[in-house]
Amino acid sequence: MIKSKALKYAVAAVLVLPAASRGQTESLWDLANENKALLRISTLFTAQNVRDHLSDDEGISKAIDWCEKTGVTHVFLETFRSRYTAERKTLERAKSRFAAAGFEVSGCVTTTQVGKISTEWKLISCYTNKGTQEQLQKIFEYTASIFDEIMIDDFLFTDCLCDECKKACGEESWTDYRCDLMVRVSRERIIKPARAVNPNVKIIIKYPQWYDRFHNRGYEVVRQTADYDKIWVGTETRDFDNKRWGKKVQYEAYYIMRWLGGIGGAKTGGGWFDPYGTTEDTYVEQARQTVLADAKEILLFCYGSLQRDTGPANVEKLRTEIPGLFELAKLVRNRPIRGICAPKPPNSDAHNELYVFDFVGMLGLPLVPASEIDTGAKASFFAVHALKDPGLREKLRKMLTARREVLITDGLAKRLGEFNLEDENLTILKVNGDPYSLLKLNRGELRAIRNRLLRPFGIKFDAPNKVALYLVGEDCLIVENFNDEPVGVSLEFSKPVEAQMVLTLPVDGDVKFSCEQGKLKFAELSPRTLVAVEY
Ligand SMILES: [Zn+2]
């Protein structure tokens with residue numbers, strides 16, 4: 001408590017000091033500006049934050065100061081959220097003040113409670129309804145009249161089951177109907193009318209983090225990514241143990257950011273996470289995973305929420321990691337990752353293996369998230385999702401014939417039908433329809449699986465569960481301990497290497513590193529710590 005009180009005074013004191021005496025503050029702002037082409041840090045002011053925090057000059061000054069101290073150089077000002085529309089003059093004044101202070105400024109829309117409400121989730125709308133479509137169009141015309149870039153928060157989907165939707169859906173599946181509907185609504189009610197108002201406008205679709213259910217609710221990553229100017233990714237994994245927000249493992253942020261990054265290519269922008277249900281440690285893990293997955297930007301949602309509850313402590317910790325996050329971004333940029341190809345075809349069903357990729361990543365298997373099967377990959381992991389590929393069996397056979405290492409889930413094994421599973425290069429992972437159960441695998445069980453799958457890379461990796469491994473380019477590897485206890489970790493290369501540590505996060509993380517011949521050892525990798533090594 002004393003600590004947070006002291007921080008409050010420190011913040012108040014900084015507000016009255018002239019810019020030149022800010023020292024530490026200035027340096028983070030300068031550092032962020034120097035590195036913004038590599039990794040930009042942004043925040044969002046929701047429509048309600050615009051009203052509550054940016055309606056007068058004092059509020060705007062306070063917000064600018066907070067952003068500078070946090071290394072935020074890009075702000076998104078939202079025009080609409082949950083029936084509330086921010087006022088034009090407030091938005092325009094805030095936009096010009098931020099721009100004058102050296103920020104990049106963009107707009108945002110959150111399509112919650114637009115027009116007719118869904119029969120299911122009450123934040124969501126019925127997009128079959130013409131009235132909803134017309135209101136949606138007006139919101140985007142308004143936003144495009146103020147901003148040249150507009151982000152759409154991840155509520156642009158539908159779960160509505162009303163009579164109007166049932167009639168329009170007819171004999172089609174809900175999945176097909178909703179994907180077609182949302183593609184059409186995006187084209188005709190968002191992109192086209194916004195461009196008519198502002199020919200320069202660029203529109204970003206932000207996909208939610210729940211990638212295994214996208215298509216069921218009308219998010220269609222192939223057509224929508226082609227239609228929109230940019231894509232953005234939800235990486236809000238929060239705290240696994242939190243009762244309200246939990247049950248997400250950290251690796252999910254990495255998997256989805258890389259998976260969508262592969263689909264979006266040059267259109268891929270950043271990742272977006274929030275402070276809900278987090279501690280300082282799990283908050284910054286979201287940032288690390290997003291940057292590790294090569295995001296070009298991290299968005300801290302949202303200014304209002306970061307001023308209360310766990311927000312201030314989270315941000316204080318994040319500020320200590322920002323210099324290291326720039327280093328991490330440098331390590332991963334333009335260095336293709338290596339490892340076990342882990343394809344999830346777009347619009348594929350997960351059946352009872354929802355988000356299994358996230359859990360497999362937590363086992364210390366370095367995944368290469370992908371949207372297609374790569375028969376040339378040295379090692380691959382397949383879950384039931386792969387059945388979406390009609391050529392799966394043939395490709396599997398080809399890979400096994402070429403003696404590639406293949407790991408498949410027991411769920412997929414059951415669904416392969418006549419396929420001969422007897423092959424020395426094929427390993428079956430027992431998921432039992434419960435991906436969470438993978439977090440219970442012990443060190444010995446994991447060692448056997450890892451050694452087989454890592455054999456083609458000339459590496460042996462030994463660590464407990466919930467220690468992830470990332471192979472970056474030909475000469476860098478990263479290990480991250482997600483446990484609350486220190487762990488011992490070792491890595492053995494088939495060839496002798498010389499290795500040195502190049503980054504540790506948090507800054508006071510302890511790893512007790514040694515490297516002898518081909519063997520790297522972290523005798524005690526402190527809790528919730530990431531370490532990068534070059535060799
Ligand atoms: Zn409906």
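Modeller: A crossing of two helices is left-handed if the near helix is turned anticlockwise from the far one by less than a right angle, and right-handed if clockwise. Helices (H or I, at least four residues) and strands (E, at least two) are DSSP runs, numbered from the N terminus. This is a predicted model, in which local features need pLDDT of at least 70 and side-chain atom pairs count only at pLDDT 80 or more, while totals for chains, interfaces and linings use all residues. Residues are numbered from 1 along each chain as its sequence is written, and side-chain values use heavy atoms, with hydrogens and water left out.

Biologist: Which way does helix 6 cross helix 8?

Modeller: The crossing of helix 6 with helix 8 is right-handed. The axes of helix 6 (residues 130–144) and helix 8 (residues 174–197) come within 8 Å and cross at roughly 35°. Axes here are lines fitted to C-alpha atoms, for helices over the stretch in contact, with angles from 0 to 180 degrees between N-to-C directions.

Biologist: And which residues meet there?

Modeller: From helix 6, they are K130, Q133, E134, L136, Q137, F140, E141 and A144; from helix 8, L181, V185, E188, R189, I190, P193, A194 and V197. Contact means heavy atoms within 4.5 Å.

Biologist: Changing topic: why is helix 10 described as largely enclosed?

Modeller: Of its 14 residues, 11 are buried, so helix 10 is largely enclosed by the rest of the structure. Buried means under 20% relative accessible area, exposed over 50%, and partly exposed in between (1.4 Å probe, protein chains only). The buried residues of helix 10 include R258, W259 and G264.

Biologist: What comes just after helix 10?

Modeller: G265 follows, with a positive phi of about 55°.

Biologist: How many aromatic pairs are there?

Modeller: A search of the whole structure finds 33. In one of them, the ring centres of F45 and F98 are 5.6 Å apart and the planes are at 50°, so the pair is tilted. Rings of Phe, Tyr and Trp (its six-membered ring) pair if their centres lie within 6.5 Å; planes under 30 degrees apart count as stacked, over 60 as edge-to-face and the rest as tilted.

Biologist: Where do F45 and F98 lie?

Modeller: F45 is in strand 1 (residues 40–45) and F98 in helix 5 (residues 88–100), so the pair ties together parts that are 53 residues apart in sequence. F45 is buried, with a relative accessible area of 0%, and F98 is buried with a value of 0%.
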